[in-house]
Amino acid sequence: MNASTEHSLTAPAAAAPLLIRMHPRDNVAIVANDGGLAAGTAVDGLVLVDKVPQAHKVALADIAEGAEVRRYDVVIGRAIKAIPAGSWVHERLLKMPPARELDGLPIATVRPEPQPPLEGYTFEGYRNADGSVGTRNILAITQTVQCVAGVTDFAVRRIKAELLPRFPNVDDVVALEHTYGCGVAIDAPDAVIPIRTLRNISLNPNFGGEVMVVSLGCEKLQPERLLPPGSIPLVDERNVADVGASAESTLDVVCLQDDAHVGFMSMVDSILRQAEEHLERLNARRRETVPASELVVGVQCGGSDAFSGVTANPAVGFCTDLLVRAGATVMFSEVTEVRDGIDQLTSRATTPEVAAAMIREMAWYDAYLDKGRVDRSANTTPGNKKGGLSNIVEKAMGSIVKSGSAPISGVIAPGEKLTQKGLVYAATPASDFICGTLQLAAGMNLHVFTTGRGTPYGLAEVPVIKVATRADLARRWHDLMDVNAGTIATGEKTIAEVGWELFHLMLEVASGRRKTWAEHWKLHNALVLFNPAPVT
Ligand code: CA
């Protein structure tokens with residue numbers, strides 16, 4: 001069965017005018033009502049001067065020219081001209097403040113009350129030889145270079161049609177297609193990012209340690225550079241027997257330029273023959289009951305609106321706290337969407353070293369953007385602005401709440417693999433596809449994605465649970481959205497109730513008892529590598 005959308009099918013709540021203010025010191029609030037509110041509407045002691053669209057901001061008091069505009073108790077901008085109470089506060093009325101300097105930040109100053117452990121929650125997962133746990137049982141075919149993508153795709157279609165029906169315990173066969181591998185400055189310092197990303201994706205828990213590589217032969221990214229000896233955990237007696245042997249004997253590579261290949265079909269047959277061996281071993285695996293602490297959840301948002309930080313992201317943040325209490329791992333990411341809240345993050349770091357790693361990642365990204373002659377303000381989209389988000393400061397404050405309130409116990413750089421549990425900051429671009437790809441490399445086995453404008457985003461490699469910020473989106477996209485957090489804005493549910501709903505849904509999806517809508521429809525976005533290094 002698909003994830004529940006029953007609440008999204010109910011009619012919208014009665015249309016009493018409703019403004020949502022995030023903090024008592026804020027001088028703006030957003031319009032909650034579907035369709036917005038008309039000029040002349042009386043609400044909270046104000047009379048609206050303008051027609052204000054849903055999710056957009058209303059001035060709660062007169063704001064003088066140059067005065068602060070506050071939301072989330074943070075200055076999201078200064079008024080370019082005087083804004084009378086009841087006016088629509090859109091992005092053209094705001095001047096964005098500069099980014100917070102990266103020196104003099106509060107370091108590990110917040111000591112949250114320790115939360116009681118959450119015990120007794122489990123799911124049914126696939127235990128791997130390296131100790132990780134998969135939520136799906138997938139044969140992934142790694143590629144060293146884009147040149148082989150067409151051949152691999154052809155072979156995968158045949159594997160699905162001819163082999164997969166004989167291996168009912170295997171969920172899918174996925175080609176890990178990408179555009180890297182040749183025509184790139186592979187010795188540039190930053191090339192380490194795409195290379196380790198590809199390596200670590202091949203080792204994602206959902207692939208059962210069955211690494212299989214298709215190579216062209218002449219490419220810059222040679223198989224042994226992609227997966228050097230020792231990078232692949234031992235998965236069975238066959239590999240144990242190979243210990244001490246050469247890298248080639250432990251790494252399963254089909255090389256298309258190999259002399260033995262005569263004609264296209266011989267290449268395809270080689271891939272099918274090798275795939276069959278891996279499918280046999282994957283098919284022999286069974287789900288077993290494991291603690292919820294084995295979840296590795298990547299959270300991100302895309303197509304955000306001003307409700308993201310009011311409904312879906314706070315519910316995800318509540319669920320993040322539950323997961324951390326259960327001993328699980330949660331990654332939050334998206335550098336440009338946390339940059340303006342850096343002081344909140346460094347203060348929540350468990351140690352000065354974690355805070356320093358956070359600052360190091362922010363500084364690296366500032367320099368990366370600077371090299372392209374832009375800054376963090378390049379993040380916001382026309383849809384974000386139409387959805388009421390005036391600038392990146394406002395967007396960041398709504399985005400950061402996905403991280404909940406737990407201490408931040410680790411930081412990983414783009415493409416690195418997680419080595420610890422708890423709440424971890426995985427530095428990635430905010431681009432949905434790149435963020436998802438890097439979280440896969442980090443080892444996520446479940447993905448949570450919030451959206452206000454709406455995106456059908458999905459990945460072939462891991463289940464994606466999508467959370468709608470607005471009831472209107474959940475209703476219209478009832479067969480794409482898995483959770484409706486719009487019920488928080490209408491007052492039907494609390495943040496805690498939606499957070500718990502998401503937590504329970506995660507255990508169901510992780511266990512394979514429920515499919516997400518993206519899985520049901522097989523909506524699969526491309527893997528997109530983050531390559532800050534030059535191409536040649
Ligand atoms: Ca994103």
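1. Helix α1 covers residues 149–163 and helix α6 residues 264–283, and the two pack at about 55° with their axes 9 Å apart. Helices here are DSSP runs of H or I with at least four residues, strands are runs of E with at least two, and both are numbered from the N terminus. Axes are lines fitted to C-alpha atoms, for helices over the stretch in contact, and angles run from 0 to 180 degrees between N-to-C directions. The helices α1 and α6 are therefore oblique to each other; angles under 35 degrees count as roughly parallel, over 145 as roughly antiparallel, 65 to 115 as roughly perpendicular, and the rest as oblique.

2. The contact of α1 with α6 (contact means heavy atoms within 4.5 Å) includes F154 and R158 of α1 and M265 and D269 of α6. By class, this contact has 13 nonpolar, no polar and four charged residues. Ala, Val, Leu, Ile, Met, Phe, Trp, Tyr, Cys and Pro count as nonpolar, Asp, Glu, Lys and Arg as charged, and the others, Gly among them, as polar.

3. The model is predicted: local features need pLDDT of at least 70, side-chain atom pairs count only at pLDDT 80 or more, and totals for chains, interfaces and linings use all residues. Residues are numbered from 1 along each chain as its sequence is written, and side-chain values use heavy atoms, with hydrogens and water left out.

4. Helix α7 (residues 312–325) packs against helix α15 (residues 495–510) at an angle of about 60°, their axes being 8 Å apart. That angle makes α7 oblique to α15, and the crossing is right-handed. Among the residues in contact are F318 and L322 of α7, together with W500 and F503 of α15. The class count for α7 with α15 is 14 nonpolar, one polar and no charged residues.

5. Helices α2 (residues 192–202) and α12 (residues 432–442) also pack at about 60°, with axes 7 Å apart. Helix α2 is thus oblique to α12, and their crossing is left-handed. From α2, T197, N200 and I201 meet T437, L438, L440 and A441 of α12. This contact has four nonpolar, three polar and no charged residues.

6. Which residues coordinate the calcium ion? The donors are Q300 (OE1), C301 (O), E334 (OE), A430 (O) and D432 (OD), at 2.4 to 2.6 Å. Donors are N, O and S atoms within 2.8 Å of the metal (3.2 Å for Na, K and Ca); water is not among the atoms, so sites may look incomplete. Q300 lies in strand β17 (residues 296–301) and A430 in the loop between β20 (422–426) and α12, so the pair ties together parts that are 130 residues apart in sequence. Both Q300 and A430 are buried, meaning under 20% relative accessible area, with exposed being over 50% and partly exposed in between (1.4 Å probe, protein chains only).

7. S304 is placed in the loop between β17 and α7, and G452 in the loop between β21 (446–451) and β22 (464–468). S304 counts as buried at 4% relative accessibility, and G452 is buried at a relative accessible area of 0%. Leaving aside residues up to four places away in sequence, G452 touches S304, D305 and R470, among others.

Notes: Left-handed = near helix turned anticlockwise from the far one by under 90°.
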